[in-house]
Amino acid sequence: MSQHSTAPAPTSTNVTATPDWWRDAVIYQVYPRSFADSNADGMGDLEGVRSRLPYLRDLGVDAVWLSPFYASPQADAGYDVADYREVDPMFGSLLDADALIRDAHELNLRIIVDLVPNHSSDQHEWFKRAVAEGPGSPLRDRYHFRPGKGATGELPPNDWESVFGGPAWTRITEPDGTPGDWYLHLFAPEQPDFNWEHPAVGDEFRSVLRFWLDMGVDGFRIDVAHGLVKAEGLPDLGTHDQVKLLGNDVMPFFDQDGVHEIYREWRLVLDEYAGERIFVAEAWTPTIERTANYVRPDELHQAFNFQYLATYWDATELRSVIDRTLDAMRPVAAPATWVLSNHDVTRHATRFANEPGLGTQLRLAGDRALGLRRARAATLLMLALPGSAYVYQGEELGLPDVVDLSDEVRQDPAYFRGAGQDGFRDGCRVPIPWTREGSSYGFGAGGSWLPQPAEWAELSVEAQTGASGSTLELYRTALTARRVQPDLGAGDSVEWLTAPEGVLAFRRGRFVCVANTGGEAVTIPAYGEVLVASGELTVVDAEEAKLPADTTVWWTTG
Ligand code: GLC
């Protein structure tokens with residue numbers, strides 16, 4: 001791996017030292033391609049993010065997680081890293097990263113960067129040399145190269161499929177022009193999987209961790225944290241129904257127990273650094289209990305709660321997943337996390353606009369007004385739960401997925417490989433509208449890499465700022481309340497209150513949250529003063545209130 005980049009002098013950490021800040025933090029995900037474009041090339045960049053930091057401070061979030069901005073051919077929007085210590089020129093430079101971290105700290109915002117340890121780009125120095133040096137190159141041991149099966153090695157070494165569809169193996173052409181070994185890629189062919197049994201891989205990543213820790217980052221989101229270790233011998237799965245198994249079963253390439261060794265070592269590295277810096281795992285596991293293994297006290301700090309993300313707007317199911325989450329996290333003393341949207345799934349405003357049971361990859365607009373009402377209510381519910389919450393850029397504007405992008409503009413590799421687990425992810429990656437007018441609604445002065453719908457003018461930050469009842473103001477109010485009222489995010493349990501069918505009600509210290517997931521208005525007790533509500537609530541008298549369908553309210557009880 002190239003060592004040519006030198007980190008700028010260590011960044012001072014000005015962030016207020018709040019012990020355990022991460023346990024109830026609200027962490028905002030920035031997808032750098034689509035947040036703000038400072039140089040009019042139609043692609044967002046780090047300088048764009050820096051210029052919008054005051055917006056994030058005013059929104060009331062605690063930290064910003066940036067999806068990858070490293071040197072990359074962009075075969076998977078930056079999740080194919082060619083140099084882990086370099087910023088892609090498309091996003092800026094290391095100096096821009098340094099300036100961004102410094103400015104964020106001045107504003108009391110923490111910065112979490114994305115680390116991609118399961119695979120590199122096929123343009124990474126190690127991989128290029130592994131191929132170029134021919135069979136027997138020791139660099140091939142840092143990836144999973146294998147001879148093919150069949151008389152002439154024409155068949156892949158095993159039956160694993162790529163998460164994006166098609167075989168998880170690609171055959172290389174050797175330097176002499178003959179067909180050669182195959183290499184493993186659980187994602188696109190441009191993303192070869194590292195062999196974590198090789199000590200050089202672990203050494204390299206501990207060094208990469210230090211590089212960014214020295215730059216002053218406050219933590220890492222670990223991409224495909226469940227994938228690093230593969231079952232010994234790379235055994236066949238024995239089925240071609242892999243897509244159905246993903247996320248439901250332990251696979252020979254996902255959630256293997258060996259990954260935990262790696263995270264124990266990483267934790268030791270992180271703990272050498274001052275300040276409370278954190279790891280959050282992207283670990284798709286079959287159960288919340290298995291997710292909890294990643295956040296044992298000597299491993300990572302948080303793991304995304306994908307079981308919660310995959311739950312529909314339904315009181316019974318929500319209560320069950322909330323209880324299961326809290327029960328699973330308590331024994332390991334890790335905070336629960338809650339998330340509704342990210343760059344890999346259809347936005348929740350669109351998921352909830354559609355029927356239940358359709359999964360998280362949709363291309364259907366559904367009933368937009370219904371989806372928005374439910375999305376606002378779902379967010380307010382999420383922000384009243386104990387633990388840490390993740391917000392994906394644009395959800396504070398109530399953005400829906402863009403479901404009608406043409407094939408010409410799409411860039412998600414999963415879309416083109418088809419039949420995989422993912423596929424429609426461009427719909428949630430459309431650049432953010434900042435203003436009512438102007439090129440790309442204020443995203444930048446040079447258009448946007450994915451087209452924005454004309455209706456987004458009225459969803460822009462400008463249109464919603466100060467507009468009573470807007471989704472942006474709802475987020476601001478709720479996030480500010482959460483910051484000044486520690487009861488809302490603290491603790492590891494909720495006290496459930498009796499509620500009509502389809503309604504969730506629970507107490508959190510001096511607060512009560514009531515969410516009506518049903519299709520009809522319900523009469524509920526007036527628990528106190530209304531702090532914030534996602535829709536129009538009618539307070540009937542001192543005793544009772546009417547909560548409309550698909551609406552959540554927070555009460556202060558004294
Ligand atoms: C993670 C990322 C996703 C990416 C994949 C491969 O799931 O969130 O965007 O395509 O890993 O790196």
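Colleague: How far is an oxygen atom of the ligand from an N or O atom in the side chain of His-343?

Modeller: It is 2.9 Å in this model. That counts as a polar contact (N or O atoms within 3.5 Å). The model is predicted: local features need pLDDT of at least 70, side-chain atom pairs need 80 or more, and totals for chains, interfaces and linings use all residues. Residues are numbered from 1 along each chain as its sequence is written, and side-chain values use heavy atoms, without hydrogens or water.

Colleague: And Arg-221, how far is a polar side-chain atom from an oxygen atom of the ligand?

Modeller: For Arg-221 the distance is 3.0 Å. Arg-425 also has a side-chain N or O atom 3.0 Å from a ligand oxygen.

Colleague: How much of the ligand does the protein bury?

Modeller: The protein buries 96% of the ligand's area. Taken alone, the ligand exposes 300 Å². Those areas are Shrake-Rupley values with a 1.4 Å probe.

Colleague: Which residues around the ligand come nearest?

Modeller: Asp-76, Asp-223, Glu-282, His-343 and Asp-344. The shell around the ligand has 14 residues, each with a heavy atom within 4 Å.

Colleague: What is the space taken by the ligand?

Modeller: The ligand takes the largest pocket, with more than half of its atoms within 2 Å of the grid points. A pocket is an open set of points on a 1 Å grid over the protein atoms alone, with protein on both sides within 12 Å along at least five of seven lines; in a cavity, a 1.4 Å probe fits but cannot get out; lining residues have an atom within 4 Å of a point.

Colleague: How much space lies in the largest pocket?

Modeller: About 990 Å³, counted as the space filled by probe spheres on the joined grid points. The largest pocket is lined by 45 residues, and Trp-284, Val-345, Thr-360, Gln-421 and Asp-422 are the closest to its centre. The lining of the largest pocket divides into 21 nonpolar, 15 polar and nine charged residues.

Colleague: Which helix gives the largest share of that lining?

Modeller: Helix 9, with three residues. Helix 6 (242-245) and helix 9 (306-309) each supply at least two. Helices are DSSP runs (H or I) of at least four residues, numbered from the N terminus.

Colleague: New topic. What volume has the second largest pocket?

Modeller: About 530 Å³. Of its 29 lining residues, Asp-20, Trp-21, Arg-23, Asp-24 and Ala-25 are the closest to the centre. Helix 10 and helix 15 each give two or more residues to this lining. Helix 15 has the largest share, three. By class, the lining has 13 nonpolar, seven polar and nine charged residues.

Colleague: How many cavities does the structure hold?

Modeller: Five of 30 Å³ or more. The largest cavity is about 60 Å³. Its lining includes Arg-347, His-348, Arg-376, Glu-395 and Tyr-475. Helix 12 (368-382) supplies the largest share of that lining, three residues. The classes are four nonpolar, five polar and three charged.

Colleague: Which residues line the second largest cavity?

Modeller: Among them are Ile-288, Thr-291, Phe-304, Asn-305, Met-329 and Pro-335. Helix 8 (288-292) and helix 10 (315-329) each give two or more residues to that lining. The second largest cavity has a volume of about 50 Å³.

Technical notes:
Ala, Val, Leu, Ile, Met, Phe, Trp, Tyr, Cys and Pro count as nonpolar, Asp, Glu, Lys and Arg as charged, and the others, Gly among them, as polar. A polar contact is a pair of N or O atoms within 3.5 Å; within protein, one must be able to donate a hydrogen and the other to accept it, and residues adjacent in sequence count only if both atoms are side-chain atoms.
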